[in-house]
Amino acid sequence: MAIAQEWIIKRGGSERCVEAMKIAFPGATVLTTLLDPDAVPLLRDARTSFLQRIPGATRHHEWLLPLMPLAWRTMAVPAAELVISSSHSCAKAVRVPAGVPHLCYCHTPMRYAWDFESERTRFPLPIRALARQGMGAFRAWDRRSAAGVTEFIANSSAVADRINRFYGRSAEVIHPPVRTEYFTPGGEKGEDFLYVGRLVSYKRADLVVDAFAGLPYRLQVVGTGHLEKALRARATPNVTFLGEVAEERLRDLYRSARALVFPANEDFGIAMAEAQACGTPVISLREGGAADIVASGETGWLIEEARVEDVREAVRLAADEVLDPTVIRTRAERFSEERFVDEIREAGRRLVYG
């Protein structure tokens, strides 16, 4: 077994998937372009590409995106019965030995290329027009590289639809692993609302901050990102920024929150599933991964459009309506790590042995 992961520089959603894949396939070799050995201890022995030798590469990995296809094409892949790529950018371009099946666990087709407008603020204004043109070339490359995948697995129904639209391929859906044994109900519910996620454009923290400017409720914001300074500058006094928090603190915040507010078109949305595992309802957009996670009126509330007034209306509803935390928790248990390990192991065995 070999597992190709984009980069390992923090413990995010895709890294947690690879951790679970290592449990499913204990002897697998992990390949990656860039590695911070302290970020994910279980993956610290991953083999890296030539990009690892570039000074400061792990701190500025997004600037190395143009070199990622070359990094994957020049990386040696050990002899294996199966290669799994954990891909949201270029990892699916890993050079798989002839005759070896390639299973791609796709978190999403590359957002930079296929949805540039939602990602444009990542690029400084002086180079934004050039980046937009470059992403056009990346789209063509991304579609070509998909031809090297034997089978696709998507992390949500929304991503399966993107794989079909962008690559012309079908995909089974296996939801990512959520630590439902750690994120559990406990303590008393408070009145504050919660946002958890990176402060980047497509996560729509800006929409949540602006919505609470017209509400009498408090919002706590967990996360950092390139929009943090601008969001802090325009936030009203009822919005508190907590930055990154330890997992125990995050669990306490989930447990006590009136609701998690996350109106983004997310690929899956692990924060939504974690909140529900703690018995907390979710306000989200009726698009993306939320369609698989949130049952409106039962485990949360879905809004039709990403607009400030729609978020405000849903928050007012959540402040008055109490949903059953036991039902919310029970539905979240379908995202457990144990379930993911079983399903990804079975998908690999099926591809190798038929």
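Student: Why is R59 called exposed?

Tutor: Buried means under 20% relative accessible area, exposed means over 50%, and partly exposed is the range in between, with a 1.4 Å probe and protein chains only. R59 has a relative accessible area of 64%, so R59 is exposed. This is a predicted model, in which local features need pLDDT of at least 70 and side-chain atom pairs count only at pLDDT 80 or more, while totals for chains, interfaces and linings use all residues. Residues are numbered from 1 along each chain as its sequence is written, and side-chain values use heavy atoms, with hydrogens and water left out.

Student: Where does R59 lie?

Tutor: R59 lies in the loop between strand 2 (29–32) and helix 2 (68–73). Helices (H or I, at least four residues) and strands (E, at least two) are DSSP runs, numbered from the N terminus.

Student: Is D142 buried or exposed, and how do you know?

Tutor: The relative accessible area of D142 is 0%, so D142 is buried. D142 is found in helix 5 (residues 125–145).

Student: Which residues does D142 touch?

Tutor: Contact means heavy atoms within 4.5 Å. Leaving aside residues up to four places away in sequence, D142 touches S89, K92, P109, M110, W114 and Y167. For W114, the C-alpha distance to D142 is 9.4 Å, at 28 residues apart in sequence.

Student: What makes helix 10 mostly covered?

Tutor: In helix 10 (residues 270–277), 8 of its 8 residues are buried. They are I270, A271, M272, A273, E274, A275, Q276 and A277. Helix 10 is followed by G279, which has a positive phi near 80°.

Student: Which value does phi take in R204?

Tutor: Phi of R204 is near 60°, which is positive although R204 is a residue other than glycine. R204 lies in the loop between strand 7 and helix 7. With 24% relative accessibility, R204 counts as partly exposed.

Student: How are helix 7 and helix 12 placed relative to each other?

Tutor: Two packed helices are described by the angle between their axes and the distance between the axes. The axes of helix 7 (residues 205–212) and helix 12 (residues 308–320) come within 9 Å and cross at roughly 65°. Here axes are lines fitted to C-alpha atoms, for helices over the stretch in contact, and angles run from 0 to 180 degrees between N-to-C directions.

Student: Is the crossing of helix 7 and helix 12 left-handed or right-handed?

Tutor: A crossing is left-handed if the near helix is turned anticlockwise from the far one by less than a right angle, and right-handed if clockwise. Helix 7 passes helix 12 in a right-handed crossing.

Student: Which residues of helix 7 and helix 12 meet?

Tutor: From helix 7, L207, D210, A211 and F212 meet V308, V311, R312 and V315 of helix 12. By class, this contact has 6 nonpolar, no polar and 2 charged residues. Ala, Val, Leu, Ile, Met, Phe, Trp, Tyr, Cys and Pro count as nonpolar, Asp, Glu, Lys and Arg as charged, and the others, Gly among them, as polar.

Student: Why is the pair of Y182 and F183 called edge-to-face?

Tutor: Rings of Phe, Tyr and Trp (its six-membered ring) pair if their centres lie within 6.5 Å; planes under 30 degrees apart count as stacked, over 60 as edge-to-face and the rest as tilted. The centres of the Y182 and F183 rings are 5.1 Å apart and their planes stand at 90°, so the pair is edge-to-face. The structure holds 9 aromatic pairs, and Y182, F183 and Y254 form one aromatic cluster.
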